[in-house]
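Please open the structure in your viewer and keep the selection tool at hand. The stops below say what to select next and what is there.

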Amino acid sequence: MLLLLSRQVSLSLVRQVTHRSLISLSKTVFLTLRATTLSISRCTVSVNATSQHLVTMPERRPFVRLPTDVYPVNYGLCLKPDLIDFTFEGKLEAAVEVRQGTNQIVMNCADIDIITASFAPEGGEEINATGFNYQNEDEKVTLSFPSALQKGLGTLKIDFVGELNDKMKGFYRSKYATPSGEIRYAAVTQFEATDARRAFPCWDEPAIKATFDITLIVPKDRVALSNMNVIDRKPYPEDDSLVEVKFATTPIMSTYLVAIVIGEYDFVESQTSDGVTVRVYTPVGKAEQGKFALEVATKTLPFYKDYFSVPYPLPKIDLIAIADFAAGAMENWGLVTYRETALLIDPKNSCASSRQWVALVVGHELAHQWFGNLVTMEWWTHLWLNEGFASWIEYLCVDHCFPEYDIWTQFVSADYTRALDLDALDNSHPIEVNVGHPSEVDEIFDAISYSKGASVIRMLHNYIGDEDFRKGMNAYLLKFQHKNASTEDLWDCLEQASGKPIAAVMNSWTKQMGFPIIVVDQEQQGDDRVLKISQRKFCASGPHNGEDCPSWMIPISICTSEDPSCSKIKVLLDQPESAVTIPNLGPDKWVKINPGTIGFYRIQYSSAMLESLLPGIRDLTLLPVDRLGLQNDLFSLSRAGMISTVEVLKLMEAFVNEPNYTVWSDLSCNLGVLSSLLSYTDFHEEIQEFIRDLFTPIGLKLGWDSKPGEGHLDALLRGLVLGKLGKAGQKATLDEARRRFKQHVEGKQILPADLRSPVYLTVLKHGDSSTLDTMLKLHKQADMQEEKNRIERVLGAISAPELIQRVLTFALSDEVRPQDTVSVIGGVAGSSKQGRKAAWKFVKDNWEELHNRYQGGFLISRLIKLTVDGFAIDKMAAEVKSFFESHHAPAAERTVQQCCENILLNAAWLKRDADGHPPVLSAAQGAPCLTLDL
């Protein structure tokens with residue numbers, strides 16, 4: 001599953017609107033999720049008193065996995081949804097094996113009423129269940145029988161009813177409008193992690209695999225889809241308006257991968273080079289918008305088949321756009337479900353970042369067809385195997401399909417640095433984390449499972465080498481296909497393929513939270529350079545200084561100015577400190593640790609080493625990914641109080657000639673963090689002036705209109721720069737944005753898709769009630785969800801308090817799809833200090849409705865994170881803590897803890913700059929000390 005973690009922001013213009021944040025994915029996923037807003041969590045710094053402010057959450061509930069005395073072999077499942085009354089009837093005939101005599105069967109079941117249940121042993125008489133004991137807290141039901149069921153095979157029959165809910169999980173209803181404007185509903189499923197039990201009683205654990213024979217009874221004018229191909233479609237004898245649709249038997253699979261969709265759709269179709277039928281289903285009348293995803297999918301399946309040396313095992317794969325969908329996408333085997341914005345591309349009205357996003361999401365979900373579906377994690381503790389791997393290989397796939405995207409540089413900004421930021425918190429967690437009760441599972445669909453997981457796999461791939469990595473992956477997939485596996489199983493296969501100590505190295509990265517900072521100094525000894533390298537845990541408050549300091553086995557690469565693109569030396573640092581000699585390197589040459597920014601750690605160079613690297617930023621001899629990594633490390637060190645924020649701003653001035661989109665994107669994000677932080681001081685206008693000065697030269701160079709020969713990255717960079725200048729109030733940009741917006745609204749000159757976000761953002765930031773009215777009118781008129789989302793994400797930029805309230809009210813209206821409400825509220829919170837206060841009050845005032853809407857899903861975590869993470873006042877941490885102690889949100893407990901920590905860290909950073917040295921922006925101007933506006 002791909003969550004709308006903040007990953008997409010680095011790939012789009014939204015990053016200018018709000019600042020860096022997490023959500024929990026999911027998948028999604030953190031897919032998400034990759035999605036749409038960042039908050040000030042990137043500016044985490046710590047104080048010694050942080051721990052005393054951490055939130056005390058309720059005790060973890062006891063949890064026991066299902067007994068294995070009765071085990072499913074095949075589910076014969078028939079579902080009959082009512083798309084008017086929003087209910088469904090179900091019949092289950094499950095072939096089961098009784099492995100140990102018992103008079104009861106325990107299954108997962110939630111929000112379902114069982115009507116009758118019986119068991120018939122093979123060749124024996126049917127036994128009716130005498131009682132159904134629902135354990136609602138544990139989402140289980142116990143079926144009791146009057147006598148013991150004997151060992152052997154048998155058939156379990158259950159008739160049941162349920163509700164097509166509006167919670168975007170389980171078997172639910174999704175609202176859409178027909179081309180004529182009539183409101184109708186589709187019936188769709190979202191089962192990961194633990195929601196198959198809301199559609200039918202089942203053994204809803206990933207290790208309890210079975211085959212599925214699915215039959216759907218549906219209106220005859222509706223499309224009915226499931227994991228496999230249709231093998232029979234015939235009139236339903238009891239109602240001539242219905243048809244009975246039967247699907248082929250699935251491979252053995254986990255319940256969370258079962259999928260059903262019933263609705264109205266068009267499709268485009270193709271075949272891969274090896275004969276797999278690929279279809280992309282779209283809303284009626286929008287088949288053209290499925291062609292880009294179809295092109296990506298038909299390239300991607302053969303790429304993965306070749307990479308894994310294992311063929312795709314199903315005869316077809318469908319990709320379908322769902323109107324109401326909480327995650328970014330979900331990898332159901334053979335029927336992958338997506339948000340519309342993660343699948344549909346309009347050739348005329350979609351921007352470059354949307355194309356890239358669709359390519360990444362398609363690559364992510366199709367990778368799961370092997371890694372997750374064919375081989376499945378044994379339990380949710382190993383979720384990171386699924387998500388971390390898919391979040392890494394999606395980039396490998398997109399780089400293969402679209403080399404012009406420079407996607408690996410974007411990975412560093414979108415995933416790698418975000419994971420470092422979150423993992424520096426005291427309230428992070430290891431990649432592998434024990435989970436039990438269903439309420440705990442949603443919490444681990446976050447940037448640690450997705451982005452840190454992807455980052456350490458990228459580091460592992462580099463350490464092993466591609467050839468041995470592929471050999472190990474092939475061995476793993478063949479050994480465990482149609483089975484379940486753990487992290488250790490993958491390490492064993494990679495160790496055998498490479499001959500390297502994979503488990504020993506990787507356990508230090510997956511079983512303990514956090515990461516190291518590498519401290520480097522050098523000494524010239526004759527013709528040789530001797531590096532002194534040490535490691536210690538990096539925390540948001542700086543290096544770990546305790547006696548009980550964890551350590552890592554760290555693959556370290558070193559390059560020099562003789563060849564910045566190639567590692568001259570590779571070592572494995574398996575102790576606290578070491579010396580490395582680089583032979584025949586003169587004193588005029590520089591040395592760079594971690595070329596390619598692949599190792600998952602921060603670096604602190606000695607002053608002399610850092611000074612020698614700075615010319616490589618100005619003259620661009622350092623690779624873009626290394627220019628980005630150097631700047632991001634220094635920014636992180638300043639957040640942690642290890643260097644002055646002034647030093648980072650001086651470094652940023654060296655980027656004035658920077659041509660690379662992703663480097664600018666990361667700079668933009670970090671400056672956004674500073675801008676948000678300084679809104680609590682007298683120096684907010686000074687940071688805007690700094691931004692205008694830094695971005696104006698590249699803005700003048702790019703101009704407003706695309707030029708012949710420009711490509712994908714030029715479009716992304718232009719949108720980023722113009723949005724940044726517009727938001728910062730650069731007059732020429734503001735005037736031109738207003739002119740072009742007026743022409744766009746009047747229909748005289750429609751804005752190119754790549755310019756819409758920066759123009760919308762600019763005119764709203766400096767607009768009034770008529771501007772907001774116009775934008776809401778554009779939203780209502782928009783036929784494409786991408787355009788609606790584009791507008792929703794920037795509405796929060798409006799400045800006037802009464803208009804901020806209008807935007808917040810709009811967020812909960814029927815005009816905004818349920819999953820997108822979070823983005824609107826987050827946009828308000830991330831746009832200004834006033835917006836953050838208003839958004840937090842709005843969330844508190846409407847908590848019952850919001851919590852009821854999102855409940856245990858990851859969207860509730862995302863909502864909390866986006867709303868409160870940017871506060872920078874100590875007392876707000878206490879307020880947030882108090883609120884969530886009386887308004888429990890079990891799926892967001894860790895998120896609340898992280899937010900409280902971040903608030904304290906932000907406040908500490910501000911206080912340190914106020915007390916310790918002249919203000920960040922005016923050090924060179926002899927300005928008075930920084931004053932806090934609390």
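Which residues have the most contacts inside the largest nonpolar core? Bear in mind that this is a predicted model, and then select Trp380 and Tyr476, which are the residues with the most contacts inside that core of 315 residues. Next, colour helix 4, residues 383–401, which supplies twelve residues to this core, the largest share. Returning to Tyr476 and setting aside residues up to four places away in sequence, you can show what Tyr476 touches: Phe371, Val375, Leu385, Ala485, Asp489, Leu490 and Cys493.

From there, move to helix 10, residues 502–510, where Ile502, Val505, Met506, Ser508, Trp509 and Thr510 are buried. If you display what surrounds them, you will find that the buried residues of helix 10 pack against helix 4, helix 7 (447–464) and helix 9 (487–498), as well as against strand 23 (516–525), strand 26 (554–560) and strand 27 (569–573).

Select the open sheet of eight strands, whose order is 5-4-8-2-1-11-14-13 and whose pairing is mixed. At its edges stand strand 5 (127–128) and strand 13 (230–235), and because each has a single partner strand, one side of each is left without a neighbour in the sheet. Within the sheet, pick out strand 2, residues 87–98, and strand 8, residues 152–163, which pair in the antiparallel sense over twelve bridges. To follow one of these pairings residue by residue, select Thr87, whose bridge partner in strand 8 is Glu163.

Now turn to the largest pocket, which holds about 1300 Å³ of space. It is lined by 43 residues, and those closest to its centre are Lys175, Tyr176, Ala177, Asp324 and Arg817. Two or more lining residues come from each of strand 9 (170–177), strand 10 (183–190), helix 19 (769–781), helix 20 (785–794) and helix 24 (847–854), and strand 9 gives the largest share, six residues.

Is Arg790 buried or exposed? With a relative accessible area of 5%, Arg790 is buried, because that value falls under the 20% cut-off. Leaving aside its neighbours within four places in sequence, Arg790 is in contact with Asn349, Cys351, Ala753, Arg756, Ser757 and Tyr760.

Conventions:
Residues numbered from 1 in each chain as written. Predicted model: local features only at pLDDT ≥ 70, side-chain atom pairs only at ≥ 80, totals over all residues. Heavy atoms only, no water. Core = buried A, V, L, I, M, F, W, Y, C linked by side-chain atoms within 4.5 Å. Buried < 20%, exposed > 50% of the residue type's maximum accessible area, 1.4 Å probe, protein only. Helix = DSSP H or I, 4+ residues; strand = E, 2+ residues; numbered from the N terminus. Contact = heavy atoms within 4.5 Å. Pairing = 2+ DSSP bridges. 1 Å grid on protein atoms, 1.4 Å probe; cavity = no way out; pocket = protein on both sides within 12 Å on 5 of 7 lines; lining within 4 Å. Points joined across faces, edges and corners; volume = space filled by probe spheres on them.
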